[in-house]
Each structure stands twice: as C-alpha cells, then as structure tokens.
Amino acid sequence: MYVVECHDKSFYCGISTNPERRLKEHNERKKAAKYTRSRRPVKLLFIQKCGTRSNALKKEAAFKKLSRKKKEIYINFIF
C-alpha cells in the first residue's frame with residue numbers, strides 16, 4: 001500500500017508491487033489514476049508492505065475510511 005500527496009494537498013492511496021514506478025506513472029503518464037491526473041505533481045509520502053494483495057486491499061480500504069486527521073496520524077506514527 002502506498003499514499004501520495006497531491007499538489008492540492010489531498011491524499012491518494014493505492015496498492016502496487018512497485019510504488020516508485022507507480023509514482024512515476026501518477027506524475028508523467030496517462031496511466032495515472034483519474035484522481036491524480038488533475039492534481040499533479042504528486043509526491044510519495046508513505047509505503048507499507050502488506051505481504052499479500054488481499055492484505056494490501058484490506059489496508060487500503062481501512063485507510064480510505066479514516067478522516068484526514070487520522071490519516072496524518074497514521075502516516076506519521078508509522079514513520
């Protein structure tokens with residue numbers, strides 16, 4: 001699971017086996033998520049290894065349900 005911060009200071013959470021490659025796609029390619037294409041540039045804030053795709057999807061879903069304040073605490077607590 002990874003989290004990027006968009007130019008407008010919003011967060012985008014996703015999963016990838018290669019977050020650095022995905023960050024490049026978010027910033028440079030049409031393959032970027034629709035959400036991030038209009039909010040470039042984005043910067044990588046957080047990476048969390050999850051072991052399996054299933055675990056990554058569960059962590060992503062849980063993260064997306066958090067309030068912004070709780071997302072900030074989660075990101076800062078892990079680092």
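A residue is called buried under 20% relative accessible area, exposed over 50%, and partly exposed in between, using a 1.4 Å probe and protein chains only. The structure described here is a predicted model, in which local features need pLDDT of at least 70 and side-chain atom pairs count only at pLDDT 80 or more, while totals for chains, interfaces and linings use all residues. Residues are numbered from 1 along each chain as its sequence is written, and side-chain values use heavy atoms, with hydrogens and water left out.

Rings of Phe, Tyr and Trp (its six-membered ring) are paired if their centres lie within 6.5 Å; planes under 30 degrees apart are stacked, over 60 edge-to-face, and the rest tilted. The count is three aromatic pairs. One of them is the stacked pair of Y12 and Y35, with 6.2 Å from centre to centre and 20 degrees between the planes. Because Y12 belongs to strand β2 (residues 11-14) and Y35 to helix α2 (residues 34-37), this pair ties together parts 23 residues apart in sequence; helices (H or I, at least four residues) and strands (E, at least two) are DSSP runs, numbered from the N terminus. Y35 is partly exposed, at 33% relative accessibility.

F63 and Y74 make an edge-to-face pair, with ring centres 5.8 Å apart and planes at 65 degrees. F63 is buried at 3% relative accessible area, whereas Y74 is partly exposed at 26%. Together with F46, these two residues form one aromatic cluster.

Charges also meet rings here, a charge sitting over a ring if NZ of Lys or CZ of Arg is within 6 Å of the ring centre and within 35 degrees of the ring normal. R39 lies over the face of Y35, 3.7 Å from the ring centre, and the charged end of R68 sits over the ring of F11, at 4.1 Å from its centre.
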